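Take a moment with the sequence and the coordinates before reading on. The walk-through comes after them.

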Amino acid sequence: MHGLILPRLGQTMAEGLVTAWLVDEGSSYAAGTPLYEVETEKVTTLVEATLPGTLLKILVGADSIAVVGTLLAVAADPGEIAIPETTETFIREDNASRMRSIEPESWPSEDHTAPTSSALETPTSVRAMPRTRKLAHDSGIELDALLGTGTNGLVLESQVANLVTASASAGVEFGDRPVASGGSGTAVMAPPEAPRPTRSPGPQRAPLATGVQQRERRLLGPIARRMSQVVTSSWSQVPQFTQFITVDATAWQSRREALRSQLGVDIGYTDMILDAVLKAAQEVPEANSSFDDEALVLWRDVNISIAVDSPAGLVVPVLRTAQDFTLEGRARRTRELVDRAKSGTLTLDDVTAGTITVSNLGMYGIEGGVPLVTAPQATIVFLGAVREVVVPVDGGIGIRKEVSVAVSFDHRAIDGATGARFTAALGRHLEMMKMAPDHAG
Amino acid sequence: MTVMTYARAINRALAEELERDADVFIMGQDVGAFGGAFGVTRGLQERFGRRRVFDTPISENFLVGGGVGAALTGLRPVVELQYADFIAVAMDEIYNKAAKWRYMHGGLFSVPLVIRAPGGLAGGAGPEHSQSPEGLLLSAAGLHVVTPSTPADALGLLKSAVRSSNPVVYIEHKGLYGLKGEVPDGEHLIPIGVADVKREGTDVTIVAWTSMVHRALAAAETLAAEGIQVEVVDPRGVRPLDTDTILASVQKTGRLIVSHEAPAPGGAASEVAAYVAEHALDYLAAPIQRVCGADIPIPQSSDLEQYAIPSVDDLIRACRSALSYR
Amino acid sequence: MATRDTYRGLYTGMLRVATWEQRLLRMIEEGRTSGFYHAGRGQEATAVGATMPLRRDDYLLYDHRGMGHAITKGVPIDRLFSDFLGFREGTTGGLGAGIVHIAWPEAGVLGQSGTLGGSFPIAAGAGLSALYRGTDQVVLCFFGDGASNRGTFHESANVAALWNLPVIWLCENNGYAVSVPTAEAISVAQISQRAIAYDMPGTTVDGMDPIAVYDAVSAAVERARAGGGPSLIEAMTYRYRGHYEGDPQTYRTREERDEWEAKDPLVMFPRRLIDEGYADEQWIEATRISVSEEIEAAAATALQGSKPPVSRIFDNVYA
């Protein structure tokens, strides 16, 4: 008999929503068979069987949220004949062993007279509530290094929680600080993830209208909750500004066809846009950056987050190290990412470490929009639909194709002029598509 | 379920226990034909006779000490102090005799005595007739102290108190006598020393007693509209104190407000605060707040007395303050 | 009225009490005991004379002076030693008891209040209980001249008289509340006068005469059993030792002590037994020997006891 445990599908995953079981209780399956679908903060994933077996009992049914490590179900090994009693015993013992394993190893002993080195008792000059201290202690964060943003310099729990999240996604130990890129040969850390709002003890719902009949109340799944958290923190914590530019897209069609015949690969507008964003980001590296409250960190890699509408909601796969690929390489990777986004098979690595975001709702006919910076990324690019406009041509009237582009920046670290350099470069690269193809890379 | 007032529920508890056990009797000032200073024992003498329900002189030392003597010799007295403030008058009998007689005499006796004591504000009753003196009894090892906040609790706790082999001080709130609520039909017993979570919540815990339970619930209702989920825990007494329930709640919410009418110094709120600080400090996301009565005697004026105890707004403010630590 | 057996019983009783106390004082000297002891030497006639008329099922609330009341009422004397020794064989199961807090429910010994005057309401409650349950049990409540000034006496005497409770209030007036003489603390010449205020019988008797005490209490018990209500009896007596062992006794004169020691019931009463023909020298001598042996045996039994585990302190807080 063996248990099916909810795996950690990426470093920051703490819990997942089991959305469906694909195998019924009593059914046998081979290793590699998809067993259930789980939605995490960032992706929806099919989890496959690692061992062959027969599903005996599902403990966490569909539409239930479970923390990583939870025993989701119990399965019989091939050839094993299981009776309900042994299943129950297995579950009980499994639970018991988990209880044991969560006992802390080096927590202050019961001996109250013995001095301990617990962070909880350290009377530092830093002010923080005990639970904040415990979180910091458990996460290895030095509270001394923090400048409290609460009343009278109180270090807030949310500050520590943000650091924990940022560190986890960056894969760094605390004590280090993100550094700006530049030194050749030095390892450059991956970009931080978006700050994660303090995990509040419970939903804090805004008051709704009373006396109005609800058609339905849709609980947000992890992906949607994630979006909600990220935009809320971006909106409330990141002062930002947006610049608009309209580019001439008349040549896009012919450029696309030329590339297609030249490279033998189907190149879409998305690929061409990503190409322009990459070039602009390389030209104005301040836009491919993150602000960490002290410094603007310029990233070496250009990891482009691509907003994709999927059946599960907004997902943002990341085209990593875009600068290391040729146009057609990027196109292939992008297509792969978008396909996986739409089918819900992105991995967590596919959705982390973005440094700049592109959102394109042109296919919906949207002409323009003001994008919201996705902290901690400093820049987001939004493109509208290609539309035909009437323009004066040589004293007469002509038709040309235009696209509205809006770029939002984190104003804490990027000023208007720097933003303008990026926006102008982006416009230039988008319009340069009418010129002959080069070999990007 | 039957809807009845808090006072009626106490009356019903007394009647049921008088009916059930011939060793149970009631004595106190005006509890007989008059029916009690607040009408709580109305009809009992008429129904059970002068032997079972009778008036006493104004003699609180005798009332409680005599209750101890009767309890030591096989009876189950229910004595009524007209006001809980008079606990101070009979303190030697409560604190040294009722509470300790069993212990100091080697466990040879049990003291099945109930001391009913109406406490709390009652609209201009003044500094010696409005107090909530349960804090005075916090250190009375050997005694149980219960504090019902609803008609159902009033019924179930009093019946359990009468059946207890230990002395129980039953502090009923005068201001709640008219409170109506659903009361289970038939036998209804509530174990002594078990808290009741009157409302579940995830963001902040209010531990409150008697009248403050209702103010806490009102505060919770207001805050719920803002998406703040307040948990209201009614310990239903101070001895024994259901620390398990309180700890579990604080571990969940990380925020604790403790509220009673009596001033904070030496009160049950301080005891709860200390206990939580000892056992769950690292769960606290905000400082513990005691939202208690002002540290003054209670003014006589019925207008002014309201300012001597916490209001719903005080509790709401405390919750907001606790939630500002994030 | 007192018969030959009564006389002999009173003497034997007083001798047991005094001998027991003597043996206890040796244990105290040897440093074996814990707690305080307020010796009753000199007051045996009151303690024994007043308690002897009771039935085993009558209730007793004794006072701070000697263990005469408890011994006479039937608390096993070896267990009494054990209480002072702090051994688990004591009535308190090893918790320990000084002069207060020894109880023996099967003999009606309800214990004692450590706060002076605290026994009055409890005695009244026990009397109320007897009346409520329809038994003819009576309650004997001892108290000193000092405790007679507590408000609890007034409250309890009032309800006892008001409701005809079967309670005998027995004041052992030994002239001093620790160091303060009665004349400086009490508004009336005799405490028995206070009975007038409650419309109950009040008498003052010679507390050094066991027969006088016995007769007065017997009459009161009879009256109470018959539903006649409470009585107040004041027994004039004297303690030969200090309030506590080690009391410098600066508050009283040698002359006064000599005067009262001349009335020692353990010296005077055996003479009276012989003079009035209730006993002879041989009986008296034989009684001395048998009482000594009984007490020695009880002490030997008690000294073999053992102290309880520390966990004992957590027992019996609640039922």
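The model is predicted. Start with chain B. Its fold has ten helices and 14 strands. Of its 326 residues, 63% are buried. Now look at the contacts in chain B with a separation of 6 or more. Residues 24 or more positions apart account for 79% of them.

Next, pick out strand β4 of chain B, residues 76–80. Is this strand enclosed or open to the outside? Five of its five residues are buried, so β4(B) is largely enclosed by the rest of the structure. A residue counts as buried here when 20 or more other C-beta atoms lie within 10 Å of its own. In a regular strand, side chains alternate between the two faces of the sheet. Arg76(B), Val78(B) and Glu80(B) point one way from β4(B). Pro77(B) and Val79(B) point the other way. Both sets are buried, the charged Arg76(B) and Glu80(B) included.

Which strands pair with β4(B)? One is β2(B), residues 24–28, which runs parallel to β4(B) over five bridges. Within that pairing, Val24(B) has Arg76(B) as its bridge partner. Another is β5(B), residues 114–119, also parallel, joined to β4(B) by three bridges. There, Val79(B) is bridged to Ile115(B).

The contact takes 35 residues from chain B and 36 from chain C. Which elements of chain C supply at least two residues each? They include β2 (109–111), α5 (119–133) and α6 (151–162) of chain C. The largest share comes from α5(C), with ten residues. By class, the side of chain C that touches chain B has 17 nonpolar, 16 polar and three charged residues.

Finish in chain A, with two helices. Two packed helices are described by the angle between their axes and the distance between the axes. The axes of α6(A), residues 269–283, and α7(A), residues 327–343, come within 10 Å and cross at roughly 120°. The crossing is right-handed. From α6(A), the contact uses Thr270(A), Asp271(A), Leu274(A) and Asp275(A). From α7(A), it uses Leu327(A), Arg330(A), Ala331(A) and Thr334(A). These residues divide into three nonpolar, two polar and three charged.

Key:
Residues are numbered from 1 along each chain as its sequence is written. Chains are lettered from A and ligands numbered from 1 in the order in which they are written. This is a predicted model: local features need pLDDT of at least 70, side-chain atom pairs count only at pLDDT 80 or more; totals for chains, interfaces and linings use all residues. A residue is buried if 20 or more other C-beta atoms lie within 10 Å of its own, exposed if 12 or fewer, and partly exposed in between; C-beta atoms are placed from the backbone. Helices (H or I, at least four residues) and strands (E, at least two) are DSSP runs, numbered from the N terminus. Two strands pair if DSSP finds at least two bridges between them. Two residues are in contact if their C-beta atoms, placed from the backbone, lie within 7 Å. Axes are lines fitted to C-alpha atoms, for helices over the stretch in contact, and angles run from 0 to 180 degrees between N-to-C directions. A crossing is left-handed if the near helix is turned anticlockwise from the far one by less than a right angle, and right-handed if clockwise.
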